[in-house]
Amino acid sequence: MAGGGGRPRCPPGALLAVLAAVVVAAGWVRAEPKEEQSIDLIRKNEVYGDTRHEVSVYVKVFTNSPFLVCMDLALSQERIIDPNYLWIGPDGTDLRGQGYVNLTETGKLMVMGFRVSMSGAYTCTLSHKVIETTTQQEIEMVEAYKFMVYAYREADHAYQMSVRFSTTLCRQKTDGLFVSKLIKILQSTISHLTCHITKSSYKCHSIRTPKNGLQYELFVNFLVNPFAPGWEEICQKVPYDCEDVTNRRVRQAAERIGKFFHQLKHVLKNEFHAVPTIQYVDNSFSMTPIDSCRPGFGKSHHTHQNCASCCVVCVPGTYSPNNEVTCRTCASPQARVYGAEFCY
């Protein structure tokens, strides 16, 4: 076509058609993606005691604890004569013969299938003999070790997303219709992952730019979370806990939406010959992970520095009634259990 009259404009409905086309072009069918191996926190399988202070240990719910060793690292390098080990659990019970523990003859303790109620202080008393070289006198030695063992869960992840579109003018009805259809299209790309989009909002702003004068942009925000209807059924197929499953799925959903806008940029730039009145602003898509904890759990960078990213069980005297990331302090009367969801 001769002349330089510019590309013709078309209504926002045309861009919505392109959005739908991108879903097909990107190959986003409802097939189940391959499962990715989750990456758990890496813990040593043995934790040594310390006579100078208690040792904090974090155990993911429903898994086995590492071995708690009834001695310090230095003592473990020495010969110990006639050792005897006594392990006491959080409720004051002698742990010998208990079915939920693996207690070795060398004083190592593993708590199996760790539950919230198993959190608390595990203490071990090691008694052994020291024989004087010259007199051969036997001296009884006693060391005590205390381990504070906490149940934890992985945080539930969601993603706050934002994106901008340029438009010729702020028109509430047209903008609202566009955003509504945009969200529906995005939802269709992630529904098979049992994730959904919530808390969508938009606002149109006038923006003065140094080179192009007054322009208008539509700011769109929404949240992607893994708790769409049906997520409980998926969790029922998991032997124990399902944070790994839900977090993997919401991560895949976030990646698909990011790919969507990357593909949209390519389509509009290279394949769409009519400029829509609402256009995607290049590189405006962003996403921010947002963590939440299950009721009875919370985060504390100060108290649990070695597990700062974990949702750690609320200790007695604190509680968490919802999906916040902190445990609240109880007023009197206090919660006397680990993992309290309310004070009583």
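A disulfide here is a pair of cysteine sulfur atoms within 2.5 Å. This is a predicted model, in which local features need pLDDT of at least 70 and side-chain atom pairs count only at pLDDT 80 or more, while totals for chains, interfaces and linings use all residues. Residues are numbered from 1 along each chain as its sequence is written, and side-chain values use heavy atoms, with hydrogens and water left out.

How many disulfides does the structure hold? There are six, and the table shows some of them.

| Disulfide | S to S distance | Angle about the S-S bond |
|---|---|---|
| Cys70 and Cys124 | 1.8 Å | -95°, left-handed |
| Cys170 and Cys204 | 1.9 Å | -80°, left-handed |
| Cys330 and Cys343 | 1.7 Å | -85°, left-handed |

To place these links, we use helices (H or I, at least four residues) and strands (E, at least two), which are DSSP runs numbered from the N terminus. For burial, buried means under 20% relative accessible area, exposed over 50%, and partly exposed in between, with a 1.4 Å probe and protein chains only.

Take the bond between Cys70 and Cys124, with its sulfur atoms 1.8 Å apart. Cys70 sits in the loop between strand E4 (67–69) and strand E5 (81–88), and Cys124 belongs to strand E8 (residues 120–131), so this pair ties together parts that are 54 residues apart in sequence. Cys70 is buried, at a relative accessible area of 1%, and Cys124 is buried with 1% as well.

Next comes the left-handed link of Cys170 and Cys204. Because Cys170 lies in the loop between strand E10 (156–167) and helix H2 (172–190) and Cys204 in strand E11 (residues 196–209), the pair ties together parts that are 34 residues apart in sequence. Cys170 is partly exposed, at 30% relative accessibility.

The disulfide of Cys330 and Cys343 has an S to S distance of 1.7 Å. Both cysteines lie in the segment after E19, so the pair ties together parts that are 13 residues apart in sequence. Cys330 counts as buried at 7% relative accessibility, whereas Cys343 is partly exposed at 27%.

Val337 is also found in the segment after strand E19 (328–329). Its relative accessible area is 35%, so Val337 is partly exposed.
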